[in-house]
Structure formats: structure tokens, C-alpha cells
Amino acid sequence: MGVFQFCRNHWKKLTFASVVAGYGANYVWTEHQITSHMQQVCRSLPEIASSRPYRAVVVINPVANDKKCEKIFRKYCEPILHLAGYSVEVVKTKEIGSAKSLIESLPALPDVLVIAGGDGTSSEVVTGLLRRKDEPCPILLLPLGERNETVSAFLPVDSKKKVEYVKCLSSCVVSLVQERLRYRNVLKYEVLPDENDPEPHRPIYGLQRFSWGLVRDIEAKKNKYWYFGFLRHQASALATSFSNEMSRNITAMLTCTPPCPGCTKCAETKTHTQRVFKKLFSPKTATPVAALTVANDSCGLKEQHQVQAKQVDIVNVQNEKNFSELHTQVIESIDAGLDFIMHIKEKMEPSLLLKSRTVEIIPKDTDMPTYAIDGEEYDARAVKISLLPNAIKCYC
């Protein structure tokens, strides 16, 4: 009776103490699991590490993931690199676009570029890498940003569960030590000439997607509703539903070329030499002969589509014929309602799907003044998007 009476009289204090004790126990257990995992990874490094010294340049976005990016890298990723014998040089980005100039200004490329950030940082580093004249070095992507779709394409990333997140990070670094290389496709973005802007623009490269429209704007504004927690995406959709943004449309001309696995019209024609011997001790000469490659008759074809839509997405997809192509997904209408708000994070079925090798987008009096390339915002200009198969090597 004494214990029951005590619990009845002090139930508020006991409840508070139970919550604190439960949180503390969960924290201690989580840290124990992480420590055990890191010890296991470090013990296995001498067996898989190479004896050759490697140089790694780490590009860190210090403001990524609510400014926790650098701290997480230093704690869970950098020790593995040092124990594996890597010479680590860390450079930090200072503003949007600085990663491109950092990579372009490197006097010599390292053995590997480690990207510690999200999709935007990855796009900037790849852009700087492919703008250089020399052969691009391999990259390692670490999912340390708010958006990590590039890594999620081949590795599950769950930043909400700390133990699983640390295991994902260590797996990425171990793939570098084990030299598990994979070729990745790249999307090339070229601004088309314009009478109002005659100056040429350097190309931009991306690894993930092109996004333009209402759904993309809702995604970009969700952090304004941070106080809704995990419902901030739905809160952004709800606020948009009651605004005049729902009436906005994309009006653009899309020009597509058919998907192509490669032929003489989209690749450089190579030549080989044939030795011809002349009689009576004449010297040997080499006569160039064009390489024989089957041409694709559909390469010169172009399809034009005048679209008026709410959302346009362009992604890279591996088709059933085992080569890559661009999928342009056009959503022509979106109805504001409870179903739209609650399922805004889910993939919507497109009204029109265009498959192509290249896409030219020419905006026409659009209400959407900006689009996104791998999550980074750009002014909506006329642009040509081309697929570059196997353009870069990535550890994964």
C-alpha cells in the first residue's frame, strides 16, 4: 500500500523520471551499437586496405544537414580514411557555386574526390570535375545532406535511425577502401542561345533529376514550416492549396530525339590504318579506312510537343534494352484536395511520358520562373538536356 500510495501522490514526477530514464537508456544503447560497429569496421581495415598511399580531397558543405555535416564526417568517416592509409585534405564550400570553382582550380586531381554533402553539392563537384580538360577522377558520395537521392539510388539511406545511418556512412567509405567502382550516367545541361542573353554559358552537370513546377516549389518551401516537424511537407502543400499558386502553369516547347544506344551519328568516327605494301622495295604507307559501324536511322528525327502542365520532371532510366534513356514526365493537372495534401511525397502518375536521348526545353510565358537541377535552383531558361552514359566513376 505504501508504494501504491507514493506512486499515486507523485505520478507526475515519476512519469517525468521514466521518460528521462528511457531516453537515457536508449541513447546509451544506441551509442554502444555504433561504437561496436565502428570497432568492427576498423578491425577489418588492415585486411582490405591497400598498401599504396592514396590522396583524397574531401569537399564539405559545412551548412548541409543543419550544419551537422562536418561533425558527422569527422566522427564517423574521416577515422576510417586515416586508418586505411589515405592522405586526407579537407576543403569547405563557402557559398552556393563555390564547389565548382574549387574543383576547377585544383592544380592536379587527387586519387578520389569525396563529396560530403547532399545532392546539390554532388552536382556542383561533378560540374567542376567535367569542366576540366583532364580525365575525371573517381568520386565517393557520402549522404551527409538534407537531400541524398543520388546515394539512395543504390544504397538505402535512413538518417532518422542513427545506427542504420552510421552503418550506411561506413559502408560508403569501405566501398572506397575495397575499390568497388561503378560507372554512373550524367545529365548535361546547356543553356541555348538567346537574343536577350547572347553570352555563352558553361554547361552544368547533374546526377539525379531536373524538376520544374508546382510539386518542386512545394518541396522547396517545406522548410518554412519547420515547426510542423515531419508534417512540414504536407503543411507546405496545404498552404499552396489555398493560394493562387495552384492556378500557375508551365507553358513550354519540348523537342526530343529518340533513345539511342550509340552509333556513328552520336559518337566520334574512329579510323584504323591498313598497311599497303608496294613492289620493288618501296616504303610501307598507311591508308586510313573508316570504321564500319551500323547507323541508327532514327537519330536525325525530332519530336516536338507543346505542353501546358503543372509539373515536369526529367530523370535517367535504364530501359529494357539495357541502355539508358531520359524519361520526361509531364503532369498536366493537379487537383487541390485532401488526397493531394496527404500524398504529396508520393510519386504522381504522369499524364505524358516522353522517352528520349536529348530534350530541349524552351519556356513560353511560364508562371514558374525557376527550376531545379539536383535540388539547386536556376532561372528558367531555354536549355538542352543530354544524357552522357558512363561519364564518371563512383565508389559504391
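Let's start where two helices meet: Ile72, Tyr76, Cys77, Ile80 and Leu81 in H4 are in contact with Lys162, Tyr165, Val166, Leu169, Ser170, Val173 and Leu176 in H8. Sorted by class, this contact of H4 with H8 has 10 nonpolar, 1 polar and 1 charged residues. Keep in mind that this is a predicted model. Helix H4 covers residues 69-83, and its axis comes within 9 Å of that of H8, crossing at roughly 35°. The crossing of H4 and H8 is right-handed.

What does Leu113 touch, leaving aside residues up to four places away in sequence? Its contacts are Val57, Val59, Ile103, Leu106, Val125, Leu129, Cys137, Pro138, Ile139 and Leu140.

Next comes a sheet. Six strands, in the order E14-E13-E12-E7-E16-E17, form an open sheet with antiparallel pairing. Strands E14 and E17 stand at the edges and have a single partner strand each, so one side of each is left without a neighbour in the sheet. From one strand to the next, the twist averages 25°. Strands E7 and E12 run antiparallel and are joined by 5 bridges; in one of these strands, E12, Asp313 is the bridge partner of Ser211. Helix H9 (residues 214-221) packs on the sheet, where it touches E7, E12, E16 and E17, and its direction makes about 100° with that of E7.

Here are the residue ranges of some of the sheet strands:

| Strand | Residues |
|---|---|
| E7 | residues 209-213 |
| E12 | residues 311-318 |
| E14 | residues 352-356 |
| E16 | residues 370-373 |
| E17 | residues 376-379 |

Finally, a look at a loop. Lys94 is found between strand E2 (86-92) and helix H5 (98-104). Is Lys94 buried or exposed? Its relative accessible area is 81%, and since the cut-off for exposed is over 50%, Lys94 is exposed. The C-alpha atoms of Lys94 and Ile60 are separated by 9.6 Å, with the two residues 34 apart along the chain.

Note on methods: Residues are numbered from 1 along each chain as its sequence is written. This is a predicted model: local features need pLDDT of at least 70, side-chain atom pairs count only at pLDDT 80 or more; totals for chains, interfaces and linings use all residues. Side-chain values use heavy atoms; hydrogens and water are left out. Two strands pair if DSSP finds at least two bridges between them. Helices (H or I, at least four residues) and strands (E, at least two) are DSSP runs, numbered from the N terminus. Axes are lines fitted to C-alpha atoms, for helices over the stretch in contact, and angles run from 0 to 180 degrees between N-to-C directions. Contact means heavy atoms within 4.5 Å. Buried means under 20% relative accessible area, exposed over 50%, partly exposed in between (1.4 Å probe, protein chains only). A crossing is left-handed if the near helix is turned anticlockwise from the far one by less than a right angle, and right-handed if clockwise. Ala, Val, Leu, Ile, Met, Phe, Trp, Tyr, Cys and Pro count as nonpolar, Asp, Glu, Lys and Arg as charged, and the others, Gly among them, as polar.
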